[in-house]
Amino acid sequence: MIRLSREHRAQLRAEAESAWPEECCGLIVGRKGPDGTEISSLVPTANVAGADRHQRFEVDPAAHLRLQRKLRGTEEAVIGVYHSHPAGPAVPSAHDLARAIEPGWLWIIVGLTDGRTGEINGFLHRAGGFEPVELGTGD
Ligand SMILES: [Zn+2]
């Protein structure tokens with residue numbers, strides 16, 4: 001189980017609904033330690049997928065680089081990515097699988113129906129696939 005706080009859940013819902021009918025996206029900052037994965041913040045970035053933004057996402061690479069630089073020397077790192085599926089279930093698409101290149105990254109996907117957030121699901125990217133991971137509020 002990975003803890004996704006109520007605040008972070010609310011943030012994801014707000015970002016997904018305000019980006020709708022396009023996909024929102026951002027990076028997950030946290031730590032991976034012996035006690036598991038801890039999410040400390042969710043950093044929204046522009047979706048630079050161009051005209052495909054309603055069915056694709058691409059994290060702004062410059063924002064990714066800036067964030068990595070900022071975290072250098074701290075105990076935190078970019079540990080994953082989140083995005084929304086404006087008209088689909090909160091499970092990775094074939095496109096997501098094809099784009100997943102960072103082993104061990106946490107993927108959080110927000111599913112929407114008619115512009116309203118439904119499920120928010122987590123997946124760990126392992127060799128060649130996504131493994132579902134429970135996201136709990138921790139309280
Ligand atoms: Zn997707």
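This is a short walk through the structure, one selection at a time.

Before you start, note that the model is predicted: local features need pLDDT of at least 70, side-chain atom pairs count only at pLDDT 80 or more, and totals for chains, interfaces and linings use all residues. Residues are numbered from 1 along each chain as its sequence is written.

**Stop 1: the whole chain.** Show the chain as a cartoon and you will find 3 helices and 8 strands, where helices (H or I, at least four residues) and strands (E, at least two) are DSSP runs numbered from the N terminus. Followed along the sequence, they come in the order β-α-β-β-α-β-α-β-β-β-β. The radius of gyration (taken over C-alpha atoms) is 14 Å, close to the 14 Å from the globule rule (2.2 Å times the number of residues to the power 0.38), so the chain is as compact as a globular protein of 139 residues. Along the principal axes, the C-alpha trace spans about 40 × 35 × 30 Å.

**Stop 2: the core.** Now select Ile28, Val81, Tyr82 and Ile108, the residues with the most contacts inside the largest nonpolar core, which has 26 residues. Such a core is a set of buried Ala, Val, Leu, Ile, Met, Phe, Trp, Tyr and Cys residues joined through C-beta atoms within 7 Å. Buried means that 20 or more other C-beta atoms lie within 10 Å of a residue's own; exposed means 12 or fewer, and partly exposed is in between, with C-beta atoms placed from the backbone. Colour α1 (6-19), β2 (25-33), β3 (36-45), β4 (77-85) and β5 (106-113), the elements that each give two or more residues to this core. β5 gives the most, with 6 residues.

Stay on Tyr82: beyond its neighbours within four places in sequence, Tyr82 is in contact with Leu12, Cys25, Gly26, Ile28, Leu42 and Ile108. Contact here means C-beta atoms, placed from the backbone, within 7 Å.

**Stop 3: a cis bond.** Move to the loop between α1 and β2, where Pro21 lies. The peptide bond from Trp20 to Pro21 is cis, with omega near 10 degrees.

**Stop 4: Asp114.** Next, select Asp114 in the loop between β5 and β6 (116-126). Although not a glycine, Asp114 has a positive phi of about 50 degrees. Asp114 is exposed, with 9 other C-beta atoms within 10 Å.

**Stop 5: His64.** Finish in helix α2 (residues 61-71), at His64. His64 is partly exposed, with 15 other C-beta atoms within 10 Å. Leaving out residues up to four places away in sequence, His64 touches Leu27, Thr45 and Val59. Draw a distance back to Asp114: the two C-alpha atoms are separated by 30 Å.

Notes. Two residues are in contact if their C-beta atoms, placed from the backbone, lie within 7 Å.
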